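I opened my notebook to look through one structure a piece at a time. Here is what I looked up, in the order I wrote it down.

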Amino acid sequence: VVQKRDFNKEAAVWDEKPLRLKLAADVGLAMRETVELGPGMACLDFGCGTGLVSLQVQPYVGSILAVDSAQAMLDILQAKLDAAGVHNIRPQRIAHDGADMPVGPFDLIFSNMTLHHVPDPASLLAQFVERLAPGGVVCISDLDAEDGSFHDDGAGVFHHGFERERLGELFLEAGLTDLRARDAALVQKPRQGGMRGYPMFLMVGRKA
Ligand SMILES: C[S@@+](CC[C@H](N)C(=O)[O-])C[C@H]1O[C@@H](n2cnc3c(N)ncnc32)[C@H](O)[C@@H]1O
(Lines give C-alpha, C1' and ligand atoms only; values in the text may rest on other atoms or scores of the structure.)
Protein backbone atom coordinates (compact mmCIF):
# COMPACT_ATOMS: atom_id res chain seq x y z
CA VAL A 1 0.00 0.00 0.00
CA VAL A 2 1.38 3.40 -0.98
CA GLN A 3 0.73 5.84 1.85
CA LYS A 4 -0.22 9.39 0.96
CA ARG A 5 2.69 11.79 1.45
CA ASP A 6 1.92 14.99 3.34
CA PHE A 7 3.57 17.75 1.29
CA ASN A 8 2.15 20.35 3.71
CA LYS A 9 4.70 19.23 6.29
CA GLU A 10 7.56 19.82 3.85
CA ALA A 11 6.49 23.19 2.44
CA ALA A 12 8.38 25.48 4.85
CA VAL A 13 11.77 23.95 4.00
CA TRP A 14 11.04 22.91 0.38
CA ASP A 15 13.21 25.62 -1.20
CA GLU A 16 16.16 24.97 1.14
CA LYS A 17 17.48 22.05 -0.90
CA PRO A 18 19.86 23.42 -3.57
CA LEU A 19 19.18 20.41 -5.78
CA ARG A 20 15.53 21.46 -6.09
CA LEU A 21 16.50 24.97 -7.20
CA LYS A 22 18.99 23.61 -9.75
CA LEU A 23 16.45 21.09 -11.04
CA ALA A 24 13.82 23.82 -11.52
CA ALA A 25 16.32 26.08 -13.29
CA ASP A 26 17.35 23.21 -15.61
CA VAL A 27 13.73 22.34 -16.36
CA GLY A 28 12.85 26.00 -16.96
CA LEU A 29 15.71 26.25 -19.45
CA ALA A 30 14.71 23.01 -21.19
CA MET A 31 11.13 24.31 -21.47
CA ARG A 32 12.28 27.59 -23.01
CA GLU A 33 14.43 25.68 -25.51
CA THR A 34 11.70 23.19 -26.41
CA VAL A 35 8.37 25.00 -26.23
CA GLU A 36 7.61 28.24 -28.02
CA LEU A 37 6.57 30.52 -25.16
CA GLY A 38 4.86 33.84 -25.67
CA PRO A 39 3.33 36.72 -23.71
CA GLY A 40 -0.22 35.77 -24.72
CA MET A 41 -0.10 32.29 -23.22
CA ALA A 42 -2.41 31.15 -20.42
CA CYS A 43 -0.69 28.34 -18.51
CA LEU A 44 -1.46 25.75 -15.85
CA ASP A 45 1.26 24.41 -13.54
CA PHE A 46 -0.05 21.14 -12.09
CA GLY A 47 1.49 20.20 -8.73
CA CYS A 48 3.27 23.55 -8.59
CA GLY A 49 4.62 23.13 -5.06
CA THR A 50 6.32 26.38 -4.04
CA GLY A 51 6.28 27.50 -7.68
CA LEU A 52 9.94 26.85 -8.47
CA VAL A 53 9.25 26.08 -12.14
CA SER A 54 6.42 28.62 -12.51
CA LEU A 55 8.80 31.36 -11.40
CA GLN A 56 11.28 30.27 -14.10
CA VAL A 57 8.59 30.33 -16.79
CA GLN A 58 6.52 33.38 -15.83
CA PRO A 59 8.68 36.06 -17.52
CA TYR A 60 8.05 34.39 -20.89
CA VAL A 61 4.26 33.79 -20.74
CA GLY A 62 1.08 35.73 -20.04
CA SER A 63 -0.28 34.09 -16.91
CA ILE A 64 0.10 30.91 -14.86
CA LEU A 65 -2.56 29.29 -12.72
CA ALA A 66 -0.46 27.32 -10.24
CA VAL A 67 -2.40 24.47 -8.65
CA ASP A 68 -1.50 22.04 -5.89
CA SER A 69 -3.39 19.95 -3.36
CA ALA A 70 -1.10 21.09 -0.50
CA GLN A 71 -2.18 24.49 0.83
CA ALA A 72 1.09 25.05 2.72
CA MET A 73 3.05 24.87 -0.57
CA LEU A 74 0.74 27.49 -2.07
CA ASP A 75 1.16 29.75 0.99
CA ILE A 76 4.93 29.73 0.46
CA LEU A 77 4.43 30.50 -3.22
CA GLN A 78 2.10 33.41 -2.41
CA ALA A 79 4.68 34.86 0.00
CA LYS A 80 7.36 34.61 -2.69
CA LEU A 81 5.08 36.30 -5.25
CA ASP A 82 4.34 39.13 -2.81
CA ALA A 83 8.04 39.59 -1.98
CA ALA A 84 9.08 39.61 -5.65
CA GLY A 85 6.13 41.67 -6.92
CA VAL A 86 5.18 38.98 -9.43
CA HIS A 87 1.56 39.35 -10.48
CA ASN A 88 1.00 36.85 -13.29
CA ILE A 89 1.05 33.67 -11.19
CA ARG A 90 -2.10 32.76 -9.30
CA PRO A 91 -1.86 29.96 -6.70
CA GLN A 92 -5.00 27.85 -6.30
CA ARG A 93 -5.66 24.80 -4.16
CA ILE A 94 -7.29 21.83 -5.85
CA ALA A 95 -8.59 18.57 -4.43
CA HIS A 96 -6.14 15.66 -4.43
CA ASP A 97 -8.46 13.66 -6.70
CA GLY A 98 -8.48 16.48 -9.27
CA ALA A 99 -12.28 16.80 -9.09
CA ASP A 100 -12.08 20.59 -9.20
CA MET A 101 -9.28 20.94 -11.74
CA PRO A 102 -9.66 24.37 -13.40
CA VAL A 103 -11.26 24.13 -16.83
CA GLY A 104 -9.10 26.54 -18.79
CA PRO A 105 -8.72 26.58 -21.72
CA PHE A 106 -4.92 26.73 -21.42
CA ASP A 107 -2.26 27.18 -24.07
CA LEU A 108 0.34 25.32 -21.99
CA ILE A 109 -0.03 22.81 -19.16
CA PHE A 110 3.19 21.88 -17.45
CA SER A 111 4.02 19.67 -14.51
CA ASN A 112 7.37 19.00 -12.88
CA MET A 113 8.13 15.98 -10.69
CA THR A 114 4.47 15.42 -9.91
CA LEU A 115 3.40 12.70 -12.36
CA HIS A 116 5.18 9.99 -10.35
CA HIS A 117 2.91 10.90 -7.43
CA VAL A 118 -0.23 10.36 -9.52
CA PRO A 119 -1.73 6.83 -9.53
CA ASP A 120 -3.27 7.05 -13.01
CA PRO A 121 -1.16 9.21 -15.38
CA ALA A 122 -3.34 8.28 -18.38
CA SER A 123 -6.45 9.84 -16.90
CA LEU A 124 -4.52 12.92 -15.76
CA LEU A 125 -3.20 13.39 -19.32
CA ALA A 126 -6.77 13.05 -20.62
CA GLN A 127 -7.85 15.76 -18.17
CA PHE A 128 -5.03 17.98 -19.43
CA VAL A 129 -6.00 17.50 -23.07
CA GLU A 130 -9.63 18.39 -22.29
CA ARG A 131 -8.39 21.66 -20.82
CA LEU A 132 -6.05 22.65 -23.65
CA ALA A 133 -6.98 25.13 -26.34
CA PRO A 134 -6.51 23.77 -29.88
CA GLY A 135 -2.77 23.77 -30.57
CA GLY A 136 -2.06 23.86 -26.84
CA VAL A 137 0.89 22.01 -25.37
CA VAL A 138 1.44 19.56 -22.49
CA CYS A 139 4.93 19.56 -21.03
CA ILE A 140 5.85 16.92 -18.44
CA SER A 141 9.20 16.75 -16.70
CA ASP A 142 9.93 13.82 -14.43
CA LEU A 143 12.43 11.12 -13.59
CA ASP A 144 13.50 8.56 -16.12
CA ALA A 145 12.79 5.02 -14.93
CA GLU A 146 14.81 4.41 -11.75
CA ASP A 147 15.22 1.56 -9.28
CA GLY A 148 13.16 3.13 -6.51
CA SER A 149 16.15 4.61 -4.69
CA PHE A 150 15.40 8.24 -5.64
CA HIS A 151 12.96 8.95 -2.81
CA ASP A 152 14.22 8.61 0.76
CA ASP A 153 10.59 8.04 1.74
CA GLY A 154 8.49 6.08 -0.73
CA ALA A 155 5.16 7.38 0.61
CA GLY A 156 2.98 8.71 -2.19
CA VAL A 157 5.31 7.47 -4.92
CA PHE A 158 3.31 5.49 -7.48
CA HIS A 159 5.94 5.26 -10.23
CA HIS A 160 9.70 4.83 -10.06
CA GLY A 161 10.13 7.30 -12.88
CA PHE A 162 8.88 6.61 -16.39
CA GLU A 163 10.09 4.82 -19.50
CA ARG A 164 10.01 7.55 -22.16
CA GLU A 165 8.61 5.14 -24.75
CA ARG A 166 5.72 4.06 -22.53
CA LEU A 167 4.89 7.61 -21.48
CA GLY A 168 4.97 8.60 -25.15
CA GLU A 169 2.32 5.97 -25.82
CA LEU A 170 0.17 7.49 -23.07
CA PHE A 171 0.60 10.94 -24.66
CA LEU A 172 -0.57 9.55 -28.01
CA GLU A 173 -3.49 7.68 -26.43
CA ALA A 174 -4.55 10.94 -24.75
CA GLY A 175 -4.74 12.58 -28.19
CA LEU A 176 -1.45 14.48 -28.19
CA THR A 177 0.70 14.70 -31.33
CA ASP A 178 4.09 16.13 -32.40
CA LEU A 179 5.75 14.33 -29.48
CA ARG A 180 9.21 15.42 -28.47
CA ALA A 181 11.31 14.14 -25.57
CA ARG A 182 14.70 15.31 -24.40
CA ASP A 183 17.02 15.21 -21.41
CA ALA A 184 16.08 17.97 -18.97
CA ALA A 185 18.30 17.57 -15.93
CA LEU A 186 20.52 15.25 -13.93
CA VAL A 187 19.60 15.25 -10.26
CA GLN A 188 22.56 14.42 -8.04
CA LYS A 189 21.80 12.73 -4.73
CA PRO A 190 24.11 11.24 -2.09
CA ARG A 191 23.74 7.48 -2.29
CA GLN A 192 25.88 4.68 -0.82
CA GLY A 193 28.80 6.91 0.13
CA GLY A 194 28.99 8.70 -3.22
CA MET A 195 26.88 10.87 -5.47
CA ARG A 196 24.42 9.31 -7.86
CA GLY A 197 22.83 11.05 -10.83
CA TYR A 198 19.18 10.49 -11.68
CA PRO A 199 18.34 11.62 -15.22
CA MET A 200 15.14 13.51 -15.95
CA PHE A 201 13.27 13.98 -19.22
CA LEU A 202 11.05 16.68 -20.61
CA MET A 203 8.24 15.40 -22.84
CA VAL A 204 6.13 17.69 -24.95
CA GLY A 205 2.99 16.99 -26.98
CA ARG A 206 0.51 19.17 -28.79
CA LYS A 207 -3.27 19.04 -29.05
CA ALA A 208 -4.24 19.01 -32.71
C1 LIG B 1 7.79 16.72 -5.87
S2 LIG B 1 6.70 18.09 -5.64
C3 LIG B 1 7.12 19.11 -7.04
C4 LIG B 1 6.75 20.54 -6.82
C5 LIG B 1 7.10 21.53 -7.96
N6 LIG B 1 6.47 21.15 -9.22
C7 LIG B 1 8.60 21.66 -8.14
O8 LIG B 1 9.08 21.39 -9.24
O9 LIG B 1 9.29 22.05 -7.18
C10 LIG B 1 5.12 17.42 -6.06
C11 LIG B 1 3.95 18.37 -5.78
O12 LIG B 1 2.77 17.81 -6.35
C13 LIG B 1 1.70 17.99 -5.46
N14 LIG B 1 0.73 16.93 -5.75
C15 LIG B 1 0.92 15.59 -5.65
N16 LIG B 1 -0.18 14.94 -6.03
C17 LIG B 1 -1.09 15.89 -6.40
C18 LIG B 1 -2.43 15.84 -6.89
N19 LIG B 1 -3.05 14.68 -7.08
N20 LIG B 1 -3.06 17.00 -7.17
C21 LIG B 1 -2.44 18.19 -6.99
N22 LIG B 1 -1.17 18.30 -6.52
C23 LIG B 1 -0.51 17.16 -6.24
C24 LIG B 1 2.32 17.91 -4.08
O25 LIG B 1 1.53 18.55 -3.10
C26 LIG B 1 3.67 18.60 -4.31
O27 LIG B 1 3.61 19.97 -4.04
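Predicted model: local features only at pLDDT ≥ 70, side-chain atom pairs only at ≥ 80, totals over all residues.

**Entry 1**

I started with Met 113, which I found in the loop between S4 and H4. Its phi is near 60°, a positive value in a residue other than glycine. Most residues other than glycine have a negative phi, and most peptide bonds are trans, so I kept looking for exceptions. Is Met 113 buried or exposed? I got a relative accessible area of 15%, so Met 113 is buried, the cut-off being under 20%.

Asp 178 also has a positive phi, near 50°. This residue sits in strand S6. With a relative accessible area of 52%, Asp 178 counts as exposed.

Then I checked peptide bonds. Gly 104 and Pro 105 are joined by a cis one, with omega about 5°. I placed Pro 105 in the loop between strand S3 (89-93) and S4.

**Entry 2: helix H1**

I looked at whether the length of H1 makes sense. At 1.5 Å a residue, its 17 residues should span 24 Å, and the end C-alpha atoms are 24 Å apart, so the two agree.

Next I asked which residues of H1 are buried. My list reads Arg 20, Leu 23, Ala 24, Asp 26, Val 27, Gly 28, Ala 30, Met 31 and Thr 34. What covers them? The cover includes helix H2 (52-57), strand S4 (106-112), strand S5 (132-143), S6 and S7.

**Entry 3: salt bridges**

Side chains of opposite charge can pair when their charged atoms come close. How many salt bridges does the structure hold? I wrote down twelve, and I followed up a few.

Lys 22 and Asp 26 pair up at 2.7 Å, N to O. Both belong to helix H1 (residues 18-34), four residues apart, which is about one turn of the helix.

Arg 182 and Glu 33 meet in another salt bridge, at 2.8 Å from N to O.

Arg 206 lies in strand S7 (residues 194-207) and Asp 178 in strand S6, so the pair ties together parts that are 28 residues apart in sequence. Arg 206 is partly exposed, with a relative accessibility of 30%.

I also found a network of salt bridges that links Asp 144, Arg 164 and Asp 183.

**Entry 4: two helices crossing**

Last, I looked at helix H4 (residues 121-130) and helix H5 (residues 164-173). Their axes come within 9 Å and cross at roughly 45°. That angle makes H4 and H5 oblique to each other, and their crossing is right-handed. Which residues meet there? From H4 I noted Pro 121, Ala 122 and Leu 125, and from H5 Leu 167, Leu 170 and Phe 171.

Definitions and conventions: Residues numbered from 1 in each chain as written. Heavy atoms only, no water. Salt bridge = Lys/Arg side-chain N within 4 Å of Asp/Glu carboxyl O. Buried < 20%, exposed > 50% of the residue type's maximum accessible area, 1.4 Å probe, protein only. Expected span 1.5 Å × (residues − 1). Contact = heavy atoms within 4.5 Å. Axes fitted to C-alpha atoms, helices over the stretch in contact; angles between N-to-C directions. Parallel < 35°, antiparallel > 145°, perpendicular 65-115°, else oblique. Left-handed = near helix turned anticlockwise from the far one by under 90°.
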